[in-house]
Amino acid sequence: MNIPTLFNLTGHTALVTGSSRGIGRAIALGLAECGAKVAVHGTKPGKALDEALASVPRSIAVTGDLSDPEVPARLVAEVKPDILVANASIQIRKPWAEVTQAEAEQQMQVNFHATVRMIQAAVPAMRAKKWGRILTIGSVQQQRPHPDMIVYAASKSALENLVRNLAKQLGPDGITINNLAPGVILTDRNTAALSDEVYAARVRDMVPLRFFGESQDCVGAALLLCSDAGRYITGVDVRVDGGMGLP
Ligand code: NAP
């Protein structure tokens, strides 16, 4: 057995949505270091996307707001990925009784419906090759929903359900689909909330390993699930959360 060969992604093309920053950028870099050609993605051109493009070898950049229903299929048509990492999400934090219909729809559109549309667009080419990797990015909120993020948390549980459903249907074509569920990972989205030291200490106490993760902590699991090293793994939910999602 040659372990590096199992992780070698030379000849493969990956689309990682929301890879201008954070966890997506780290996964994009990991895939590129394993040899894949990677499309980094952000909502629009700008400094973050330029930096991602510069830091990820051989990458190309694509843009588009996934709340626009036309964008998912367009991104897949531009990139033609055989590795799809549906990482982009939006998160609206407010008391459950105040969430508007528009806010609920926007979160479901970006976090769930856009993922379904990208999978629908990407699978025919993966089927033709008899090889494909789909990775959705969930959240510890599948297990521990935050009281002020009811729609976001539900959208992540919906992804995990989708993964179990599609794994059975895509398996015969050599396509695996899995969900990676991060816990608290230090990125732009939680910098403000965690700058409150009292709140941060309370959250840290909920993590059995007693520290917050970095984006790169998600990369090992992503590479396993996107390569031939993980060819016999499908339909699973891999928690990268320091144990926070444990019952
Ligand atoms: P982040 O740092 O907030 O970055 C978000 C990324 O998504 C950016 O690339 C952003 O592009 C893109 N994006 C935002 N809105 C979008 C839209 N409407 N359409 C298309 N792209 C959009 O995110 P992160 O913290 O790395 O999170 C990555 C994934 O992990 C998400 O699915 C998140 O739910 C999940 N997660 C994160 C944590 C955590 O603690 N960080 C915990 C659990 C789960 P721009 O640069 O153009 O804005």
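Analyst: In this predicted model, Asp82 and Lys129 form a salt bridge whose closest N and O atoms are 2.7 Å apart. The two residues belong to distant parts of the chain, 47 residues apart: Asp82 is in the loop between helix 4 (71-79) and strand 4 (83-86), and Lys129 is in helix 5 (residues 101-129). Asp82 is buried, its relative accessible area being 2%.

A search of the whole structure gives twelve salt bridges. Another of them joins Asp188 to Arg21, with 3.0 Å between the closest N and O atoms. Asp188 lies in helix 7 and Arg21 in the loop between strand 1 (13-16) and helix 2, so this pair ties together parts that are 167 residues apart in sequence. Arg21 has a relative accessible area of 44% and is partly exposed.

The salt bridge between Arg164 and Glu160 has an N to O distance of 3.0 Å. These residues are four apart in helix 6, so about one helical turn separates them. Glu160 is buried at 18% relative accessible area, under the 20% limit for that class, whereas Arg164 is partly exposed at 42%.

Salt bridges also link Arg25, Lys47 and Glu51 in a network.

Two of the helices named here also take part in the ligand shell: helix 6 (150-170) and helix 7 (188-194) are among the elements that give it two or more residues. Helix 7 supplies the largest share, three residues.

Methods
Residues numbered from 1 in each chain as written. Predicted model: local features only at pLDDT ≥ 70, side-chain atom pairs only at ≥ 80, totals over all residues. Heavy atoms only, no water. Salt bridge = Lys/Arg side-chain N within 4 Å of Asp/Glu carboxyl O. Buried < 20%, exposed > 50% of the residue type's maximum accessible area, 1.4 Å probe, protein only.
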